[in-house]
Amino acid sequence: MAQDRSEPELDCELTDLPPELRWREWMRRIEAVLFASAAPVPREHLARVVGQGVSVDLLIEDLAADLEGRAFEIAKVADGWMFRTRPVYAPAIRAAANVGDQLLDLSEFDVPVLAAIAYHQPITRDGLTDIFGKEISRDLIGRLHAQGLIGTGPRAPRRGAPYTFVTTDAFLTAFGMESLRDLPDPEQLGDAGLAARP
C-alpha cells in the first residue's frame with residue numbers, strides 16, 4: 001500500500017504564535033524562499049508563505065536590516081527579490097571558489113551590443129546594424145539569447161515583420177540592476193568618453 005506523501009498545508013496565519021514571533025517566522029520563511037531560489041522571486045510568490053494582508057515589502061525591509069554587515073544582501077531585481085553577495089566580496093569569491101562556470105562568456109563586442117539592445121529595445125538586428133555601422137551576426141544574437149541575457153520582443157511592424165530583441169531579467173541580474181532605469185544616462189556616458197554623444 002502506497003503512503004500518502006502529500007505535504008501538510010502551510011499555516012500562513014500562525015495565530016498560535018505571539019505577534020513578534022509570528023513576524024520573525026514570516027521573515028525566516030521569506031529568507032528561506034529567497035535562499036533556495038536561483039532567480040528573483042516575485043512579491044506574489046512570497047505572499048504565499050505569510051499571513052493574509054501581511055506586507056511583504058515591510059518583511060523584506062526588516063530582513064534586509066537583519067542582514068546589515070553580512071556578506072550578502074537582498075537585491076530588488078525586476079519584479080522580485082533575490083540574495084546576492086555584496087560586490088566588495090567578489091575578489092575573495094573569485095580567489096577561493098570555483099565560479100568559472102557562473103561567469104558570463106561575453107566578448108568585447110557583446111557588451112556594447114547588449115547596451116544597445118537595453119537602450120533601444122525593442123530593436124531589430126537591422127537596427128543594431130545601423131547603430132554599429134556593420135552587420136550584427138546571428139551567431140552573436142544567438143549567443144546572447146542562449147545565455148538568457150536577451151529574448152525576443154514583439155515583431156517589428158514593417159514588411160517581413162522581423163524579430164525584435166529585448167533584455168531579460170537575467171540581464172538585470174547579471175549587471176546588478178533593479179530595472180532598466182538603472183542604466184547609466186547616455187549623455188553622462190558621452191561626457192565620460194565611454195559612448196558616442198546622443
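I looked up the largest nonpolar core first. It has 22 residues, and Val-113, Ile-117, Leu-128, Ile-141, Leu-144, Ile-150 and Phe-171 touch the most other members. A nonpolar core is a set of buried Ala, Val, Leu, Ile, Met, Phe, Trp, Tyr and Cys residues joined through side-chain atoms within 4.5 Å. Buried means under 20% relative accessible area, exposed means over 50%, and partly exposed is in between (1.4 Å probe, protein chains only).

Helix 5 gives the most, with 5 residues. Another core lies apart from this one; it has 18 residues, among them Leu-14, Ile-30, Val-49 and Val-50.

**Ground rules**

This is a predicted model: local features need pLDDT of at least 70, side-chain atom pairs count only at pLDDT 80 or more, and totals for chains, interfaces and linings use all residues. Residues are numbered from 1 along each chain as its sequence is written, and side-chain values use heavy atoms, with hydrogens and water left out.

Helices (H or I, at least four residues) and strands (E, at least two) are DSSP runs, numbered from the N terminus.

**Whole chain**

I noted 9 helices and 5 strands in the chain. Along the sequence the pattern reads α-β-α-α-β-β-α-α-α-α-β-β-α-α. Of the 198 residues in the chain, 31% are buried. I also checked contacts, meaning heavy atoms within 4.5 Å. Of the contacts with a separation of 6 or more, 49% are between residues 24 or more positions apart.

**Helix 5 against helix 6**

Two packed helices are described by the angle and the distance between their axes. I looked up both values. The axes of helix 5 (residues 110–120) and helix 6 (residues 125–132) come within 11 Å and cross at roughly 115°. Axes are lines fitted to C-alpha atoms, for helices over the stretch in contact, and angles run from 0 to 180 degrees between N-to-C directions.

Which residues meet here? From helix 5 come Pro-112, Val-113, Ala-116, Ile-117 and His-120; from helix 6 come Leu-128, Ile-131 and Phe-132. By class, this contact has 7 nonpolar, 1 polar and no charged residues.

I followed Ile-117 further. Not counting residues up to four places away in sequence, Ile-117 touches Ile-123, Leu-128, Ile-150, Phe-165, Val-166 and Thr-167.

An open sheet of 3 strands has the order 1-3-2, with antiparallel pairing. Strand 1 (41–42) and strand 2 are the edge strands, and each pairs on one side only. Two strands pair if DSSP finds at least two bridges between them.

How many bridges join strand 1 to strand 3 (residues 80–85)? I found 2. Val-41 stands opposite Trp-81 in strand 3. Strand 2 and strand 3 are joined by 6 bridges. Ile-74 has Phe-83 in strand 3 as its bridge partner.

Strand 2 and strand 3 form a hairpin with 2 residues between them. In the turn, Ala-78 has a positive phi of about 55°.

**Helix 1 and Arg-24**

Helix 1 (residues 19–36) lies across strand 1, strand 2 and strand 3, and runs at about 70° to strand 3. I picked out Arg-24, which lies in helix 1. Is Arg-24 buried or partly exposed? Arg-24 is partly exposed, with a relative accessible area of 36%. Arg-24 and Leu-63 are 39 residues apart in sequence, yet 9.0 Å apart in space, C-alpha to C-alpha.

Technical notes
Nonpolar A, V, L, I, M, F, W, Y, C, P; charged D, E, K, R; others polar.
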